[in-house]
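Please look over the protein below. A short report on confidence, strands and charged pairs follows.

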Amino acid sequence: MPVMRSNSWIPSVFNDLFDTEFMPKANCTAPAINVKESDKAYTVELAAPGMKKEDFNVHINDEGNLIIKMESKNEKKEEDKNTRYLRREFSYSKFEQTLILPDDVKKEEISAKVENGVLTVELPKLVEEKVKLSRQIDIA
């Protein structure tokens, strides 16, 4: 019979103490990122359910790297007039990812949009014109 072991350093008897309405369990996960490549562009997709356009900052730094920042703060205040007690619940999410861009990206034409909880960043590729190698060779 398999034995189930817990890797937690806090004994399970404390689960009810730390995972309650007053002290919810922290959720610390990074969003999933997909990177796709086509003939014309690279596409970066970042899953961010519940996030709005205003929660993102996408820019290129001095070194030419793509920086994606995401930050969301939700604060809920509730005042009970009978006991004059102020209760606050905070929800805070912050994420930052640096992507080193390939040399064939048109950095001035990068675009981004948020739709259905997914940030999509389009990285168009440089189109290299093929130089025709045919020419007349003079005979000396």
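Is glutamate 109 buried, exposed or partly exposed? Glutamate 109 is partly exposed, because its relative accessible area of 44% lies between the 20% and 50% cut-offs.

## Model and confidence

This is a predicted model. The mean pLDDT of the protein is 76. Residues scoring at least 70 make up 63%.

Residues 1-11 have a pLDDT below 50. Beyond near neighbours in sequence, this stretch makes one contact in the model. Where pLDDT is low, predicted coordinates should not be read in detail.

## The four-strand sheet

Four strands form an open sheet in the order E1-E2-E7-E6. The pairing is antiparallel. E1 and strand E6 (111-115) are the edge strands. Each has a single partner strand, so one side of each lacks a neighbour in the sheet. From one strand to the next, the twist averages 15°.

E1 (residues 33-37) and E2 (residues 41-47) share five bridges. A hairpin of three residues connects E1 to E2. Valine 35 sits opposite valine 44 in E2. Lysine 36 has threonine 43 in E2 as its bridge partner.

## Salt bridges

The whole structure holds four salt bridges. One of them joins glutamate 37 and lysine 125, with the closest N and O atoms 2.6 Å apart. The pair spans distant parts of the chain, 88 residues apart. Glutamate 37 lies in strand E1, and lysine 125 in the segment after E7.

Glutamate 109 pairs with lysine 106, and the closest N and O atoms are 3.9 Å apart. Another salt bridge links glutamate 115 and lysine 113, at 3.9 Å from N to O. Glutamate 115 is partly exposed, at 47% relative accessibility. Lysine 113 is partly exposed too, with a relative accessible area of 49%.

## Isoleucine 67

Isoleucine 67 belongs to strand E4 (residues 66-80). Why does isoleucine 67 count as buried? Its relative accessibility is 6%, and buried means under 20%.

Leaving out residues up to four places away in sequence, isoleucine 67 touches Asn57, Val58, His59, Asn61, Glu96, Gln97 and Thr98. Glutamine 97 is 30 residues from isoleucine 67 along the chain, yet their C-alpha atoms are separated by 5.9 Å.

Notes:
Residues numbered from 1 in each chain as written. Predicted model: local features only at pLDDT ≥ 70, side-chain atom pairs only at ≥ 80, totals over all residues. Heavy atoms only, no water. Pairing = 2+ DSSP bridges. Helix = DSSP H or I, 4+ residues; strand = E, 2+ residues; numbered from the N terminus. Buried < 20%, exposed > 50% of the residue type's maximum accessible area, 1.4 Å probe, protein only. Contact = heavy atoms within 4.5 Å. pLDDT = per-residue confidence, 0-100. Axes fitted to C-alpha atoms, helices over the stretch in contact; angles between N-to-C directions. Salt bridge = Lys/Arg side-chain N within 4 Å of Asp/Glu carboxyl O.
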